[in-house]
Each structure stands twice: as structure tokens, then as C-alpha cells.
Amino acid sequence: MKIQFMDLKVQYRALKEEIDQAIGRVIDAARFIQGEEVRLLEQEFASYCGVQYAIGASSGTTALHLALLCCGVTSGDEVITVPHTFIATVEAISHCGAYPVFIDVNQFSYNIDVEKLEHFLKEDCFYDERQGGLKNRHSGRRIKAIIPVHLYGRPADMEPIMELARRHNLQVVEDAAQAHGAKYRGQRVGSFGDVACFSFYPGKNLGAYGDAGIAVTNSPVLAGKMRKLSDHGREDKYQHLEVGYNYRLDTIQAAVLRVKLKHLDTWNDLRRQNANSYFRQLQDTPLALPKEQPGTRHVYHLYVVRTPQRDRLKNHLTANRIATGIHYPIPLHLQPAYGFLGYRTGDFPVSEMCADQVLSLPMYPELPEVEI
């Protein structure tokens with residue numbers, strides 16, 4: 001038996017007739033750009049998240065870029081986030097001409113450490129009365145926003161994050177790329193910050209058949225700005241009010257996602273069942289296992305264990321035809337692309353520990369119990 005890390009084919013086979021019909025509708029209508037399926041998905045996904053507006057995007061990365069731009073992040077600003085995440089979180093900051101400021105993650109949740117965030121805002125920042133903004137005491141740059149990442153499907157601790165952001169007049173952009181349907185204190189992630197961004201990369205809990213993403217918000221002002229910027233800065237076909245981007249969501253991808261959205265909660269329930277099965281069978285081992293924090297609903301985009309013997313374990317599983325993954329083996333502050341920031345090994349010890357010790361086990365809704 002070969003145990004796959006993920007199997008997208010089994011999901012397609014279960015939905016084949018409905019998926020094929022949805023794609024066929026788009027082809028028959030020949031509305032490949034800004035078709036009706038995009039508008040309907042935006043409405044349905046906004047309703048699912050419990051927010052007023054959703055703006056389709058060409059990927060989760062472009063959704064983050066749009067969100068930051070429309071929250072006022074510009075050249076020379078700083079945005080707070082974590083070094084233990086996929087690089088897209090930080091690329092979006094760079095695309096605005098801004099700089100990431102890293103706060104280490106919590107060793108149990110792998111999300112931003114709220115105590116370290118609070119300490120940074122208190123000790124390393126000051127309010128510039130003359131320019132009217134929070135500044136980094138070390139760089140002198142203005143801090144505009146925080147990007148909390150709901151990593152692996154586990155919600156970040158949003159209540160204190162939002163309280164700190166409001167106290168310091170910072171925008172909050174949730175990176176919910178791995179957390180479709182996750183809940184924090186009964187409320188879906190994506191409904192806390194000023195904007196939240198989701199990726200529909202094929203392997204996500206809700207995945208397209210190519211690149212796709214979406215941004216959600218309760219602000220009509222931010223929604224209008226993002227919608228305009230995503231479509232070449234225009235309000236009608238040939239009137240461009242500002243320089244924009246081609247960040248539109250493809251109509252065929254929207255049609256696929258509308259079919260799959262109806263199954264998302266069921267798939268998340270199955271992921272949680274798989275996680276419970278893993279926990280039952282691994283709880284007496286030395287592995288550090290993911291645990292659900294009180295008041296949250298983890299949706300297990302990934303099932304990530306941690307051990308100092310990670311590489312030995314990975315090699316052992318590979319030898320036994322069991323696929324695994326590592327998310328992520330190099331923390332962002334040590335990536336060559338961000339060497340100009342001047343961070344060094346030892347600056348973020350928890351993120352560095354995670355990079356050395358985390359291992360993702362097979363996880364997808366249809367994963368058979370016998371394979372677990």
C-alpha cells in the first residue's frame with residue numbers, strides 16, 4: 001500500500017457530474033471573464049464567512065496585496081506578521097513597497113504569539129505626534145497593519161489581536177489561506193479583521209482547479225477600493241480612475257468553487273474526524289500533537305506533528321511508502337530573498353524550532369481510516 005499525502009482525484013470523482021456541468025455552463029455562456037458565477041460565488045462566500053462583501057481575486061497572494069494596498073499600506077511602511085508561514089504572506093507586504101516586521105509564533109499554536117506582539121508594541125514602538133502614527137523605534141518607519149496567520153487551519157487568538165490593533169490604530173488583514181470554515185469563539189475566521197484573504201489553491205480545504213483567491217470585508221469603502229483595483233482601476237469599461245491590476249477571479253474557477261463550497265463543512269468535519277483518529281493513536285508517543293484550543297474550531301488543513309527527530313521519522317515513513325510534507329523548512333527571516341532585512345539565526349527561536357521539527361502527515365477529507 002502507498003499512502004498519499006493528498007488525493008484530489010477522489011474528490012473530483014465524487015463531484016464529477018456537478019463539476020462538469022458547472023464548467024459547461026460557463027463555456028456555453030462564453031463569459032470567461034467577470035461572468036455571473038463570479039458574482040454568485042462572492043455573494044455565497046461572503047454569507048458563509050458572515051461578512052457583507054467578498055471580492056474575487058486571481059490568487060490568495062493577490063488578494064493579500066489588494067487588501068494591504070486598500071488599507072493604506074504604502075512604500076516605506078511596516079507590517080507586522082510571523083516568520084513561520086508561506087512566503088506569500090510577506091511577498092504581499094513587499095509588493096506594496098513596505099517592510100515586514102516579524103513577531104515569533106507560539107510553540108503550541110504556531111500562530112503569532114500575542115504576548116510577544118504586545119511587548120513589541122509597548123517596548124519597541126512609539127506614537128509620533130507630529131506625523132500621527134505608530135513608529136518602530138529601531139527603524140523609524142511607520143507601522144500600518146498586522147497580518148495574523150491562521151496557520152494549518154487553526155485560528156489565531158483574534159480577540160487580543162484586535163484589541164491591540166484598535167488601541168494602536170493599526171489595520172488587521174487576516175491571512176486565512178489555510179483556514180476556510182475555522183471558527184474562533186463561534187465566529188468564522190475572516191470576520192474579525194478589516195479584511196481577510198483566502199487562497200483557493202487546489203490543495204486547500206476549499207480548492208479551485210487552478211489559482212484563485214478572495215478577500216472579504218464588512219467595509220463598503222474597502223470593498224469598493226479592492227474591486228476597482230483588481231480590475232485595472234476602472235469603474236466602467238474605459239474609465240480608469242487609478243492605476244490598477246489584473247487580479248480578477250476566473251469565471252470557470254468561480255463555478256468550480258460554487259459547487260465545492262456546499263460541501264466544505266462536511267469536508268471539514270471529515271478532516272476533524274481524521275485528526276481525532278491520529279490523536280487517539282499517537283497521544284502516547286513522544287510527538288507534539290496539534291491540539292484544539294478552547295473556543296476554537298480547527299479545520300486541519302494540515303495535520304502537523306513536531307519532533308526533534310523529524311528527519312529520521314520522515315525517512316522512516318518514506319521507506320514505508322507513506323508520503324509526508326514539511327511546512328515550512330526555512331523560516332522567512334532566514335530566506336535568501338529577505339536577507340536584506342538583516343535578521344540572523346536565533347532571532348526567532350520558536351519559528352526556527354518549527355522549521356527543524358515539524359512534519360505534516362497525510363490529511364484530506366477522504367483519507368481512509370485504514371490508511372491512518
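Which element gives the most to the lining of the second largest pocket? Strand 3 does, with four residues. Keep in mind that this is a predicted model.

Staying with that second largest pocket, its volume is about 380 Å³. There are 18 lining residues, and the closest to the centre are Val 101, Phe 102, Phe 120, Asn 136 and Tyr 343. Two elements give two or more residues to this lining: strand 3, which is 99-102, and helix 5. By residue class, the lining divides into ten nonpolar, four polar and four charged.

Now the largest pocket. The volume here is about 500 Å³. Of its 28 lining residues, Phe 86, Gln 178, Ser 199, Tyr 201 and Lys 204 are the closest to the centre. Helix 3 (60-70), helix 4 (88-95) and strand 10 (195-199) each give two or more residues to that lining. The division is 15 nonpolar, ten polar and three charged.

Last, the core. The largest nonpolar core has 35 residues, and those with the most contacts inside it are Ile 80, Leu 117, Phe 120, Leu 121 and Met 158. The elements giving two or more residues are helix 5 (114-123), strand 6 (143-146), helix 6 (158-167) and helix 11 (349-357). Helix 6 gives the most, with five residues.

Take Ile 80 as an example. Leaving out residues up to four places away in sequence, Ile 80 touches, among others, Val 101, Ile 103, Ile 112, Leu 117, Phe 120 and Leu 121. Its contacts also include Ile 143, Ala 145, Ile 146 and Ile 147.

Terms used. Residues are numbered from 1 along each chain as its sequence is written. This is a predicted model: local features need pLDDT of at least 70, side-chain atom pairs count only at pLDDT 80 or more; totals for chains, interfaces and linings use all residues. Side-chain values use heavy atoms; hydrogens and water are left out. A nonpolar core is a set of buried Ala, Val, Leu, Ile, Met, Phe, Trp, Tyr and Cys residues joined through side-chain atoms within 4.5 Å. Buried means under 20% relative accessible area, exposed over 50%, partly exposed in between (1.4 Å probe, protein chains only). Contact means heavy atoms within 4.5 Å. On a 1 Å grid over the protein atoms alone, a cavity is a set of points where a 1.4 Å probe fits but cannot get out, and a pocket is an open set with protein on both sides within 12 Å along at least five of seven lines; lining residues have an atom within 4 Å of a point. Grid points are joined across faces, edges and corners, and a volume is the space filled by probe spheres set on the points. Ala, Val, Leu, Ile, Met, Phe, Trp, Tyr, Cys and Pro count as nonpolar, Asp, Glu, Lys and Arg as charged, and the others, Gly among them, as polar.
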